[in-house]
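Good morning. Please have the sequence and the model open while I talk.

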Amino acid sequence: MLSPALLLNKQMDGASRVRAVAQSTFGPGLAKVWFSDRQMHPTGAAFANAAAASCLDIDDGHRRANGHPGAAVVPAALATSGPKTKGIDLLTNVVAGYEVCVRGGMSENHRSYHTGNYTGLGAAVVAARTAGLNAQQLMHALATTVYHGPRVADLTHSQDMGSNVKESIPWSVVAGMMASTLAEQGFTGCRDAMDIEERYTPSLALEGLAKGGFPKTPNGNSVSHAILRTYFKRYACCRWCHSAVEGLLVILRDQGLSVADIQSIEVETFLQSANLNNLADPPSLESAQYSVPYCMAIAAVLGEDALSPMSNEALHHPQAVALAEKIVVRHDALLDPMFPAQNPSRIRVITADASFEEFVSAPWGEPDNPPSRAELVKKFRGLAEGRLSQEQVDAIVVGVEVLREGTAGPLLDALGSIAPGDQKGED
């Protein structure tokens with residue numbers, strides 16, 4: 001039996017397959033696989049939980065690194081924490097992991113828009129801090145991660161965006177955590193790994209440090225840490241789809257239109273968004289997450305909550321497919337310079353009587369207009385509704401809120417509990 005908390009991830013075949021492989025490969029341990037009764041070696045649990053986070057595609061992201069550090073860093077930090085771990089130490093590990101992997105990602109040359117290329121650095125930092133590694137050992141852990149971690153070409157070049165592989169975030173976690181363990185045992189890496197200019201621009205990785213902060217904007221303003229420049233998603237799909245979805249919903253709301261009124265929709269967007277698979281009838285949830293037309297159609301036909309997150313019931317929906325087939329996505333080269341600082345899209349809805357246009361450059365959740373804590377808690381409660389019990393939801397919220405003054409125990413217990421009435425968790 002599956003608990004309601006796992007039903008959605010069960011539909012995400014990739015997450016289920018990773019859990020099974022993690023159990024058989026990494027063996028027993030005390031680290032918890034979220035919302036199940038499984039416990040395993042910390043690296044295995046972090047691997048499984050990172051896969052679940054990545055599959056859902058509603059994880060936070062960072063513009064300077066072009067990707068999603070949280071899906072790697074947070075699972076690694078939680079898997080290496082125990083019930084008596086001080087909450088402030090857990091939070092410090094997360095902040096440190098973000099700082100290092102974001103700086104590594106933003107300094108990469110030959111940018112590939114593939115998060116797993118740099119998130120292993122964050123996992124290595126988390127594991128190294130938990131194990132008490134010294135500076136020399138941490139250096140070797142990071143240097144080893146640079147060479148042992150995944151190095152994947154740009155995912156947007158593939159015509160098969162519906163695969164389970166996504167952005168190799170889970171494997172980067174394994175590489176980073178194992179690199180830390182190797183360094184603890186005296187294993188050495190190439191110390192100049194991140195100084196080689198064919199791969200990195202070291203000055204970018206160090207940007208702002210002399211002034212004691214992380215660069216906020218091109219004009220030189222800064223915040224204290226990279227994690228403060230993350231964005232948050234409203235919808236469980238590729239961030240490059242969000243501005244088009246928001247623009248369509250604004251037009252429908254402001255003009256009082258229904259789906260039946262729409263004759264066609266035109267989307268003009270930046271290159272990376274235009275190069276997504278953009279299928280009108282995607283074959284899988286992963287594929288749907290990379291389709292601008294289908295995400296727009298699902299939000300218009302079923303409501304935006306159907307994207308938070310998507311489920312199998314959203315696939316092959318006749319009305320959604322019919323609307324997606326009316327949507328044309330075009331590349332507008334004039335919008336390219338705005339990326340990656342912004343994700344711009346111009347949406348034009350054509351009806352029998354008129355044409356309505358909306359331009360969205362910064363969808364909900366951007367760091368320059370960040371959501372409040374109350375909004376983030378509301379988002380979590382909405383995602384959990386019908387999947388977790390109210391008691392579990394409340395326990396997770398409280399577990400996070402007490403971290404600064406307490407231990408990680410309450411949060412780990414809440415994440416490791418299964419829904420009431422389920423005795424065995426998952427098969």
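Leaving aside residues up to four places away in sequence, S54 touches A71, K166 and I169; contact here means heavy atoms within 4.5 Å. Before I go on, this is a predicted model, in which local features need pLDDT of at least 70, side-chain atom pairs count only at pLDDT 80 or more, and totals for chains, interfaces and linings use all residues. Residues are numbered from 1 along each chain as its sequence is written, and side-chain values use heavy atoms, with hydrogens and water left out.

S54 lies in helix α3, residues 42-56. Helices are DSSP runs of H or I with at least four residues, strands are runs of E with at least two, and both are numbered from the N terminus. Is S54 buried or exposed? S54 has a relative accessible area of 7%, so it is buried. The cut-offs are under 20% for buried, over 50% for exposed and in between for partly exposed, with a 1.4 Å probe and protein chains only.

Next, two helix pairs. Helix α4 (residues 70-79) packs against helix α8 (residues 169-184) at about 45°, and their axes are 9 Å apart. Axes are lines fitted to C-alpha atoms, for helices over the stretch in contact, and angles run from 0 to 180 degrees between N-to-C directions. The angle therefore makes α4 oblique to α8. For the wording, under 35 degrees is roughly parallel, over 145 roughly antiparallel, 65 to 115 roughly perpendicular, and the rest oblique. From α4, residues A71, A72 and A76 meet I169, S172, V173 and M177 of α8.

The crossing of α15 and α16 is right-handed. Among the residues that meet are F380 in α15 and V397 in α16.

Now the sheet. In what order do the four strands of the open sheet run? The order is β8-β7-β9-β10, and the pairing is mixed. The edges are β8 (327-331) and β10 (355-360); each has a single partner strand, so one side of each has no neighbour in the sheet. On average, neighbouring strands are turned by 15° against each other, direction ignored. Strands pair through backbone hydrogen bonds, either parallel or antiparallel. Two strands count as paired if DSSP finds at least two bridges between them. β7 (residues 262-269) and β9 (residues 345-351) pair in the antiparallel sense over seven bridges, and the bridge partner of E268 is R346 in β9.

Helix α13 packs on this sheet and touches β7, β8 and β9, with its direction at about 140° to that of β8. α13 spans residues 292-302, and nine of its eleven residues are buried, including Y294 and M296. At the start of α13, a side-chain oxygen of S291 comes to within 3.1 Å of the backbone nitrogen of Y294. Just after α13, G303 takes a positive phi of about 95°.

I350 counts as buried because its relative accessibility is 18%. Leaving out residues up to four places away in sequence, I350 touches D261, I262, Q263, S264, E266 and S355. From I350 to A384 there are 34 residues in sequence and 36 Å in space, C-alpha to C-alpha.

Definitions and conventions
A polar contact is a pair of N or O atoms within 3.5 Å; within protein, one must be able to donate a hydrogen and the other to accept it, and residues adjacent in sequence count only if both atoms are side-chain atoms. A crossing is left-handed if the near helix is turned anticlockwise from the far one by less than a right angle, and right-handed if clockwise.
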